[in-house]
Amino acid sequence: MSDHVYKVVELVGSSPLSTDEAIRNAIARASGTLRNLRWFEVVETRGHIEDGKVHHFQVTLKVGFTLD
């Protein structure tokens, strides 16, 4: 097994639909500018409430990618 070195960045994704969609949105956007994305870790989940209902989900992620 070869040694791996990762760079870790923190991202915040959001969605009006779900936390899963917020995660997917953050990773999709990051993959447009970052290469070699390998893993993610959800470190925080929060949301916005309007009129007594969940209006928006927001998820903070740590995302790791390998260096060239």
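Trainee: Why is glutamine 58 called partly exposed?

Mentor: Its relative accessible area is 31%. Buried means under 20%, exposed means over 50%, and partly exposed is what lies in between, with a 1.4 Å probe and protein chains only. The value of 31% falls in between, so glutamine 58 is partly exposed.

Trainee: What kind of model is this, and how are its residues numbered?

Mentor: It is a predicted model, where local features need pLDDT of at least 70, side-chain atom pairs count only at pLDDT 80 or more, and totals for chains, interfaces and linings use all residues. Residues are numbered from 1 along each chain as its sequence is written, and side-chain values use heavy atoms, with hydrogens and water left out.

Trainee: Where does glutamine 58 sit?

Mentor: In strand E3, residues 53-66. Helices (H or I, at least four residues) and strands (E, at least two) are DSSP runs, numbered from the N terminus.

Trainee: What is glutamine 58 in contact with, leaving aside neighbours within four places in sequence?

Mentor: Val12, Gly13, Ser14, Glu44, Thr45, Arg46 and Gly47. Contact means heavy atoms within 4.5 Å. Valine 8 is 50 residues from glutamine 58 in sequence, and their C-alpha atoms are 19 Å apart.

Trainee: Is arginine 35 buried or exposed?

Mentor: Its relative accessible area is 58%. Arginine 35 lies in the loop between H1 and E2. Not counting residues up to four places away, arginine 35 touches Phe65, Thr66 and Asp68. Histidine 48 is 13 residues away along the chain, and the two C-alpha atoms are separated by 31 Å.

Trainee: Which label does leucine 37 get?

Mentor: At 23%, leucine 37 counts as partly exposed. It is in strand E2. Leucine 37 touches Ile27, Ala30, Ser31, Val63, Gly64 and Phe65, residues up to four places away in sequence being left out. Serine 15 is 22 residues from leucine 37 in sequence, with 21 Å from C-alpha to C-alpha.

Trainee: How many aromatic pairs are counted?

Mentor: The count is 1 aromatic pair. Rings of Phe, Tyr and Trp (its six-membered ring) pair if their centres lie within 6.5 Å; planes under 30 degrees apart count as stacked, over 60 as edge-to-face and the rest as tilted.

Trainee: Why is the pair of tyrosine 6 and tryptophan 39 called edge-to-face?

Mentor: The centres are 6.3 Å apart, so the rings pair. The planes are at 75°, so the pair is edge-to-face. Tyrosine 6 lies in strand E1 (residues 6-15) and tryptophan 39 in strand E2 (residues 37-50), so the pair ties together parts 33 residues apart in sequence. Tyrosine 6 is partly exposed at 36%. Tryptophan 39, at 32%, is also partly exposed.

Trainee: How does the radius of gyration of the chain stand against a compact globule?

Mentor: The chain has 14 Å, but a compact globule of 68 residues would be near 11 Å. The radius is taken over C-alpha atoms, and the globule rule is 2.2 Å times the number of residues to the power 0.38. The C-alpha trace spans about 50 × 20 × 15 Å along its principal axes.

Trainee: What share of the residues is buried?

Mentor: Buried residues make up 21% of the 68.
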